[in-house]
Amino acid sequence: METCACALELLGMLIYVGAWLCALTTTILPQWLTMSTALLPVESYELGLWETCVVQDLGGMECRAYDSLLGLSSDLKLSRILMCASLAVGMLGILIAIPGLYLVDSCKDHGGYRTKRIFTIIGGLLGMVSGVLCLIPVSYMAHLAVIRFFDDKVPDVVPRWEFGDALFCGWAGGFLLIMAGLLLVSSGLCSQVAPQPALQRRYQVMSTDVNLRKRSEYV
């Protein structure tokens, strides 16, 4: 296997795992949207996919999970579904790509390097799908926050939701998942020809020399 393909493969897997952990952190964090009011400057509110929190300036933080799944808004339901789907697809891609790594001794008896290359490419494609699934809910929630923040129908004294840290973490995780998938696919495409062992190449050279000698004797 070429050194360039091996380097792309290892770099892609490292970014893949880190990006998946970043997407997991985004899903768990309650700081998807934040809001602070002028009436209560010592408190701020945070909204996540699973709970809402009240943060005080003194360092206290109280969170409460949503009471009902059916009572959630459509944007939160959609974000939950897509983020969970992103994590599931990303984990599946990691599990499929690991047997295809050059440093992992697997698939030797089932097609050799061709099978390992297929596993690597499939894992990379699943990584890109996972990244897209992560970017959709994060961008959608940010889009809704921008629309509601600049809504002229809402009085200026009414507090409004703004971007939280989880949105930036989700954008980073989504783009890194796509980048990791591209690296794995590129590494699989770069290693199209499997390297032949030294003994096998030597045997082929010797057999070629014998055939040439036989042909010269007949002539």
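Is Met91 buried, partly exposed or exposed? At 31% relative accessibility, Met91 counts as partly exposed, where buried means under 20% relative accessible area, exposed over 50%, and partly exposed in between (1.4 Å probe, protein chains only). The structure is a predicted model, in which local features need pLDDT of at least 70 and side-chain atom pairs count only at pLDDT 80 or more, while totals for chains, interfaces and linings use all residues. Residues are numbered from 1 along each chain as its sequence is written, and side-chain values use heavy atoms, with hydrogens and water left out.

**Cysteines**

- With a disulfide taken as a pair of cysteine sulfur atoms within 2.5 Å, the count comes to 1 disulfide.
- This disulfide joins Cys53 to Cys63, with an S to S distance of 2.0 Å, and the link of Cys53 and Cys63 is right-handed, with 105° about the S-S bond.
- The pair links distant parts of the chain, since Cys53 is in strand β3 (residues 51–56) and Cys63 is in strand β4 (residues 61–65), 10 residues apart; helices (H or I, at least four residues) and strands (E, at least two) are DSSP runs, numbered from the N terminus.
- Cys53 is buried, with a relative accessible area of 1%, whereas Cys63 counts as partly exposed at 34% relative accessibility.
- Cys22 is in no disulfide, and the nearest cysteine sulfur, that of Cys169, is 3.2 Å away; Cys22 is buried, with a relative accessible area of 15%.
- Cys134 is likewise in no disulfide, the nearest cysteine sulfur being that of Cys22 at 7.4 Å, and Cys134 counts as buried at 0% relative accessibility.

**Salt bridges**

- Side chains of opposite charge can pair when their charged atoms come close.
- A salt bridge here is a side-chain nitrogen of Lys or Arg within 4 Å of a carboxyl oxygen of Asp or Glu, and a search of the whole structure finds 2 salt bridges.
- One of them is formed by Asp67 with Arg64, whose closest N and O atoms are 3.3 Å apart; Asp67 and Arg64 are both exposed.
- Asp75 forms a salt bridge with Arg148, the closest N and O atoms being 3.9 Å apart.
- Because Asp75 lies in helix α2 (residues 74–97) and Arg148 lies in helix α3 (residues 113–149), this pair ties together parts that are 73 residues apart in sequence.
- Asp75 is buried, with a relative accessible area of 6%, while Arg148 counts as partly exposed at 48% relative accessibility.

**Residues of helix α2**

- Met91 lies in helix α2, and the C-alpha atoms of Met91 and Leu126, which are 35 residues apart along the chain, are separated by 9.0 Å.
- Leu95 also lies in helix α2 and is exposed, with a relative accessible area of 52%.
- From C-alpha to C-alpha, Leu95 and Phe119 are 9.5 Å apart in space, and in sequence they are 24 residues apart.

**Strand β1 and its partners**

- Strand β1 (residues 33–36) has a covered face, made up of Leu33 and Met35, and an uncovered face, made up of Thr34 and Ser36.
- Two strands pair if DSSP finds at least two bridges between them, and β1 pairs with strand β2 (residues 43–47) in the antiparallel sense over 4 bridges.
- β1 also pairs with strand β5 (residues 162–163) in the antiparallel sense, over 2 bridges.
- Thr34 stands opposite Glu46 in β2 and opposite Glu162 in β5.
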